Amino acid sequence: MANQSSSSSYPILCASFNQDASLFVIGTREGFKVFDSNTGRLCYERAIGAFIVVEMLFTSSLLAIVGAGEQPSLSPRRLCLFNITTGTALRELNFLTSILAVRMNKERLIVILQDKTYVYDINKVKILDAIDTVPNPKGLCGFSPSLDGCFLALPASITKGSVLLYNVMELQSHCEIDAHRAPLAAIVLCSNGMYIATASEQGTIIRVHLVSDATKSYSFRRGTYPSTIFSLSFAPSKQIPDILVATSSSGSLHVFSLGFALNQRSRKSSTILGSIIPNSITDALDPAHRHVLHNAVTAGVKSNAVIRKVDKVADASTPGIAFCKATISIITYNGYFQEYSFRLNYQNEPLWTLEHEFNLLSPVSDNASS
């Protein structure tokens, strides 16, 4: 997902969670801040000017920061690797054009420009590859931080929703997927690199592909009317993620159940109708695995949501049956953090609870959550 704001009216210019969503960072016109996702506690702040990219490496002291260009010292063409413990710059990299996105894991540093993507060895800060790309003005990308399935996803066309998958450890292209008829608006890879989810500028269908062989696994209908998809996020998982969430310009929060879709698919295939209708069609039209919280955030305001954790909770009344409980965190670019609890029982009935909400721009004492 691109993490830059498309509107100068937002007080937050960029927002991102670290790789395990335990911390999150925001960039504003005054500087950048690091918060604890569990408590909302402000962990670090630096008021030195406007930033359009701020990315954190797990729970380390390393940040990758890019200025908004409002001051000569904070050029959007300069990437600074910054140590928040010492408050000093470790290394700076300069580019010919503006940096649109940055991604990191323990071995790789990825820098996204409009028509080129650079892959670095993060420990030596040594360039390993330069990938020529189609024009990518929004800095769209997906990245799986796992070293075992470490893929980078980039738009492969400006006229349709094709995505290029590149293995950043082996430094070679993996495959290209034609996911949508319209150009891409959002891309995300699950943390282990097994699945990729995409949305087009139309915003009505979310598609999920298996990365290993580029096969389509799921199609989910977000809605009937077009909407701008702001964020996509898989649940953390070592195998198949249980759920996928999406936020959009409608202000709704959508949860798609991958496990439920898989069960539905196996049941459909045993019926006459299921053997005739392709799974991609029936999946897209079946609303049973889509759950919507309307007006979760202000309509039209950009937002970034992640699933921080998923638990399977046993149902005491029905031995052997478990239901899904997820913690979903949302950053809105007008300055708020929200945490929702989402429960889905064995009868596929959802329950939403707003657990915490606080203003990211208010004094530290106002950000305490219990």
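How many bridges join strand 2 to strand 3, and in which sense do the two strands run? The points below start there and then move along the chain.

1. Five bridges join strand 2 to strand 3 (residues 32-36), and the two run antiparallel. Strands here are DSSP runs of E with at least two residues, numbered from the N terminus, and two strands pair if DSSP finds at least two bridges between them. Leu23 has Asp36 of strand 3 as its bridge partner. Three residues lie between strand 2 and strand 3, and the two strands form a hairpin.

2. A word on the basis of these notes: this is a predicted model, where local features need pLDDT of at least 70 and side-chain atom pairs count only at pLDDT 80 or more, while totals for chains, interfaces and linings use all residues. Residues are numbered from 1 along each chain as its sequence is written, and side-chain values use heavy atoms, with hydrogens and water left out.

3. Strand 2 also pairs with strand 1 (residues 12-17), antiparallel and over five bridges.

4. Is strand 2 buried or exposed? Six of the six residues of strand 2 (residues 23-28) are buried, so the strand is largely enclosed by the rest of the structure. Buried means under 20% relative accessible area, exposed over 50%, and partly exposed in between, with a 1.4 Å probe and protein chains only. In a regular strand the side chains alternate between the two faces of the sheet. In strand 2 both faces are covered, with Leu23, Val25 and Gly27 buried on one side and Phe24, Ile26 and Thr28 buried on the other.

5. On cysteines, the structure holds zero disulfides, a disulfide being a pair of cysteine sulfur atoms within 2.5 Å. Cys14 counts as buried because its relative accessibility is 0%. Cys175 is buried as well, with a relative accessible area of 18%.

6. Four strands form an open, antiparallel sheet in the order 5-6-7-8. Its edge strands are strand 5 (51-56) and strand 8 (88-94), each of which pairs on one side only. From one strand to the next the twist averages 20 degrees, with axes taken as lines fitted to C-alpha atoms and angles running from 0 to 180 degrees between N-to-C directions. Strand 7 (residues 78-83) pairs with strand 8 in the antiparallel sense over six bridges, and Asn83 has Thr88 as its bridge partner in strand 8.

7. The largest nonpolar core has 20 residues, and Leu79, Phe95 and Ile99 are among those with the most contacts inside it. Such a core is a set of buried Ala, Val, Leu, Ile, Met, Phe, Trp, Tyr and Cys residues joined through side-chain atoms within 4.5 Å. Strands that each supply at least two residues of this core include strand 5, strand 7 and strand 10 (108-112). Strand 6 gives the most, with three residues. A second, separate core of 19 residues includes Ile243, Phe342, Leu344 and Trp352.

8. Further along, strand 17 (residues 184-189) is mostly covered, with six of its six residues buried. Five bridges join strand 17 to strand 18 (residues 195-200), and these strands run antiparallel. Val188 has Ala197 of strand 18 as its bridge partner. Their hairpin has five residues between the strands, and Gly193 takes a positive phi near 80 degrees.
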